[in-house]
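Please read it with the structure open.

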Amino acid sequence: LSLHDALPIWSTITDNVSMADVFRPHAECENPRVVLVEGNPAMGKTTFCQKLAHDWSRNRIPEDSSFPKVEILLLLKCRDVNVGMAKIQEAIDNQLLPEDVDRSEKENFFRFISAYQSRILLVLDGLDELKCKDLFQRPFLPLIQGKVLSNIHLLLTARPEMGAKVKRYCDSLLQIVGYTADDVNSYIEKYFCNHSDPSLAKKLKRQLAHNYKLSALTSSPMNTALLCLLCEETNGIFPIKQTELYECLVSCAIRRYFAKRGIDLVDD
């Protein structure tokens with residue numbers, strides 16, 4: 001993942017930041033506690049969170065990185081937060097704790113979080129995917145503002161429109177900016193390297209070089225994969241109209257989905 005350092009907002013400084021360095025100090029904040037990572041749809045925000053949590057759980061975070069030295073990392077999916085939850089502890093309990101955990105153990109767990117906040121990292125993935133606006137006001141906004149668990153480390157992800165609502169409370173703002181042209185070419189070459197027709201890689205890259213609409217799609221990793229899939233099925237021939245292109249991408253994905261499961265897909 002490529003992260004574009006967009007903070008301070010009023011500064012002209014730009015830089016690339018590795019995943020483990022999203023909490024790195026900068027001129028406006030020597031010890032960032034609340035970090036917001038923005039990105040457009042399908043840009044890899046959830047993958048970024050999952051990869052970071054996985055690397056932390058496997059002790060793969062570089063020792064020399066600025067990643068906080070925490071004892072607990074909690075990853076919450078905002079889309080799964082239920083309506084009616086008034087405290088962040090309720091969301092943690094609902095998503096992460098076993099149903100049969102003893103009540104006293106659960107209380108000890110939350111007591112530890114409250115007592116040792118600086119040793120906890122809470123990741124809230126997809127603020128824009130909350131089911132209800134009130135959910136943002138109750139459990140999340142006080143947390144982001146530092147009115148609740150004011151010393152806990154927070155990593156937030158959101159689309160830009162939701163990020164605009166919380167960035168004033170964040171110490172650092174970063175953006176996932178998507179593939180570079182080299183990344184796209186590398187992906188295409190790897191996709192077709194063991195294919196029965198490796199020349200498809202050249203056909204697709206040639207199309208991208210001359211078709212702006214196709215090239216624009218590759219800013220999303222998912223769309224890049226779908227274009228490779230479509231190129232494979234159509235032998236490198238793409239529709240001219242954008243609507244037809246999207247229809248082909250969707251129908252191609254659906255056909256593959258049914259084929260993998262051995263289910264016949266009727267024409268209608």
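The points below are grouped by topic. The model is predicted. A search of the whole structure finds 11 salt bridges, and the structure holds two cavities of 30 Å³ or more.

- The side chains of Asp55 and Lys51 form a salt bridge, at 3.2 Å from N to O.
- Both residues belong to helix H1 (residues 45-57), where they sit four residues apart, about one turn of the helix.
- Asp55 has a relative accessible area of 10%, so it counts as buried.
- Lys51 is partly exposed, because its relative accessibility is 38%.

**Salt bridge between two loops**
- Glu129 and Arg79 pair in a salt bridge, with their closest N and O atoms 3.5 Å apart.
- Glu129 is in the loop between strand E5 (120-125) and helix H4 (133-145), and Arg79 is in the loop between strand E4 (72-77) and helix H2 (88-96), so the pair ties together parts that are 50 residues apart in sequence.
- Glu129 is partly exposed, with a relative accessible area of 32%, and Arg79 is partly exposed at 36%.

- In the salt bridge of Glu233 with Arg255, the closest N and O atoms are 2.5 Å apart.
- This pair links distant parts of the chain, with Glu233 in helix H9 (residues 221-234) and Arg255 in helix H10, 22 residues apart.
- Glu233 is partly exposed, with a relative accessible area of 33%, and Arg255 is partly exposed at 37%.
- A network of salt bridges links Glu232, Glu233, Arg255 and Arg256.

**Nonpolar surface patch**
- Val250, Ile254 and Leu265 make up a nonpolar patch on the surface, and together they have about 240 Å² of accessible area.
- Ile254 is part of helix H10 and is partly exposed, at 37% relative accessibility.

**Second largest cavity**
- The volume of the second largest cavity is about 50 Å³.
- Its lining consists of Asn211, Lys213, Leu214, Pro239, Ile240, Lys241, Gln242 and Leu245.
- Helix H8 (212-217) and helix H10 (242-260) are the elements that give two or more residues to this lining.
- By class, the lining of this cavity has four nonpolar, two polar and two charged residues.

**Second largest pocket**
- The second largest pocket holds about 170 Å³ of space.
- Trp56, Asn59, Ile61, Pro62, Glu63, Phe67, Pro68, Lys69 and Val70 line this pocket.
- The lining of this pocket divides into six nonpolar residues, one polar and two charged.

Methods: Residues are numbered from 1 along each chain as its sequence is written. This is a predicted model: local features need pLDDT of at least 70, side-chain atom pairs count only at pLDDT 80 or more; totals for chains, interfaces and linings use all residues. Side-chain values use heavy atoms; hydrogens and water are left out. On a 1 Å grid over the protein atoms alone, a cavity is a set of points where a 1.4 Å probe fits but cannot get out, and a pocket is an open set with protein on both sides within 12 Å along at least five of seven lines; lining residues have an atom within 4 Å of a point. Grid points are joined across faces, edges and corners, and a volume is the space filled by probe spheres set on the points. Ala, Val, Leu, Ile, Met, Phe, Trp, Tyr, Cys and Pro count as nonpolar, Asp, Glu, Lys and Arg as charged, and the others, Gly among them, as polar. Patches are made of residues with over 30% relative accessible area and no salt bridge: like charges are joined within 9 Å, nonpolar side chains (Val, Leu, Ile, Met, Phe, Trp, Tyr) within 5 Å. Accessible areas come from the Shrake-Rupley method with a 1.4 Å probe; for residues, only the protein chains shown count as cover. A salt bridge is a side-chain nitrogen of Lys or Arg within 4 Å of a carboxyl oxygen of Asp or Glu. Buried means under 20% relative accessible area, exposed over 50%, partly exposed in between (1.4 Å probe, protein chains only).
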